[in-house]
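User: I'd like a close look at the aromatic residues in this protein. Could you walk me through them?

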Amino acid sequence: MLLLMALNLFVSISRKSLTNDETAHIPAGYYHLVAGDFQLNTEHPPLIKMWATLPLLFIQPNEPKILTNANADFAQRSAGVEQQFWTINQDHFLSLGFWPRIMMIPISMTLGIVIFLFTRALWNATAALLALFLYCVEPTVLAHGRVVHTDIPAALGYLLFVFALFHYHQLPTRKRAIVLGIVTALALLTKYSLIILVPALLLYACMRAWSIRRDANQLKSLVGHGAVVSLIVILFINCVYFFRHDQLSAPDVEWLIRTSGIYSGAVVKLVTALSHVIPAYYLFGVYKVVIHNHFGHPAFLLGQYSNDGWPSYFPVAFALKTNLPFLGLSVAALCWASFKIVGRRQTKLLWLLVPFMIYMAISMSSSINIGIRHLLPAFPFLFILAGMMLEQLTRVSPRSIGIVVISILLGWMLIEAVRTFPDYTPYMNQLAVGPHWKYLSDSNVEWGDDVNGLAAYLKSRGETQVRAALSGGWLTLPLYGIDYISLAPPGKQQVDTRYVAIGASFLNGSTLPSFEINGRMITDSERVNFFDSYRNRTPEAIFGGEIYLFRER
């Protein structure tokens, strides 16, 4: 199953172009490796980007000059390097995008292995195989399992953490404490939002200390193991940052002060103090996640627009973007697990239900509602619970009924995976009737990975330019030989082209930035309805379910 999944991901990589975020992650990862520059793409920890770009050490791409302007902050440096990197490597940009994405396949396969091992440890091998099957054919997993990003690695890190903590709880030895420390460090280096593991570990340590409070030897051992875990975490984080303890640049300190308001003095002092132990740009990245969540992000849900998000966002997105069999299995498995825990005292299921509920609660409280991918760390627990529940179904009498039901569900999921291939990014199930952009936006419906199909279509018709509003298209479309003329914000000189290409997220207006028209800033209403005239038009072609191409003349 894992080999077939890997083949699926490999072929998808060959047929899809870079996503909007990968155009930033790949140059940043390369510069993390060769220059130890961690001021680039500070939204995400460097580990996964460095892993993905290891093949580039052999390809030896042309290297742009990193901005040396002392007044340039992290965002300006990142944007400058991103654009220069792909522009000066246009002749072989396909290989520079191909090999880093190939490096993500082993991570996706490793997550499948951990799902299997954890399920087998908690239940049995049959349930483990069923859980693995659910993982291998889930559209959201297949969409992101090939992308140079932190979402699937974060799912792996979170599950590994829970698995390691489960093993440590069963038998708290120094060896298992070392493993727990390594796993915790790797998880913290996959995604800044997994900083939640630190208070989770502290809470577990307090609960365990309370349970063994009368045993001095065990308490002493627990303290020693806590020290081991802490030292390993600090060591690994420093190792990935090459033990560099550079202070934040002056422009980045100014940004930090500007965004932290009345708390600026305390924040700067805290970062300065902790930077002697933890690299400053790791701390800076954690702060960026916190401040991003505080200020929110433009989002769209079922016709509504918001910068603060909705508590219902991720449940709704999950209901729309998972195939119907898995959606039903997930709801049933959560109910089944709750019954087993309360009614049958099978407390080992808490190792699945509690981590799922924690991550779900954190996600629902987030104001960054830009993609179901941010919920991916919660998915493995649903795969495992559903696999266990299906295994129980094989024991019903008569046994043939359970086998038939399982066969129908798994067969349905497999058909959905085959039917959708390779357009997994905008996938929605049969509950979504009509264009997907009417329900969700951003990476749920468009992420830029069908720009190559658009370029090929235009070239076949003798076109060399297009007016467009596409996720990442401003950078990637010219690499395929098609001039990108921005529709929003409109350029100073608008060229009359035969075609107009609009991405799904731009069509619903959620990802459209604010801009000026005739010297005034457009209103929010004007911004989200900027492409209203195209919404009811029939496109000449749709690429990957993401890009709508309209003929103007």
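Analyst: Let's start with a group: Phe38, Tyr192, Tyr241, Phe242 and Tyr282 come together in one aromatic cluster. Here, rings of Phe, Tyr and Trp (for Trp, its six-membered ring) pair if their centres lie within 6.5 Å; planes under 30 degrees apart count as stacked, over 60 as edge-to-face and the rest as tilted.

Before going on, a word about where this comes from. This is a predicted model, in which local features need pLDDT of at least 70 and side-chain atom pairs count only at pLDDT 80 or more, while totals for chains, interfaces and linings use all residues. Residues are numbered from 1 along each chain as its sequence is written, and side-chain values use heavy atoms, with hydrogens and water left out.

Searching the whole structure turns up 38 aromatic pairs. Take phenylalanine 118 and phenylalanine 163: their ring centres sit 4.6 Å apart with planes at 25°, so this pair is stacked. Phenylalanine 118 belongs to helix H7 (residues 104-122) and phenylalanine 163 to helix H10 (residues 151-170), so the pair ties together parts 45 residues apart in sequence. Helices, by the way, are DSSP runs (H or I, at least four residues), and strands are too (E, at least two), numbered from the N terminus. Both phenylalanine 118 and phenylalanine 163 are buried, where buried means under 20% relative accessible area, exposed over 50% and partly exposed in between (1.4 Å probe, protein chains only).

Now for another pair, phenylalanine 326 and phenylalanine 379. Their ring centres are 6.4 Å apart and the planes meet at 40°, so this one counts as tilted. Phenylalanine 326 is in helix H18 (residues 324-343) and phenylalanine 379 is in helix H20 (residues 379-393), so parts 53 residues apart in sequence get tied together. Phenylalanine 326 is buried, at a relative accessible area of 0%, and phenylalanine 379 is buried too, at 1%.

Seven of its ten residues are buried, so H6 is largely enclosed by the rest of the structure. Among those buried residues are Phe93 and Phe98, along with Leu96 and Ile102.

Stepping back to the whole protein chain, there are 26 helices and nine strands. Of its 553 residues, 56% are buried. And if you count contacts (heavy atoms within 4.5 Å) with a separation of 6 or more, 74% of them join residues 24 or more positions apart.
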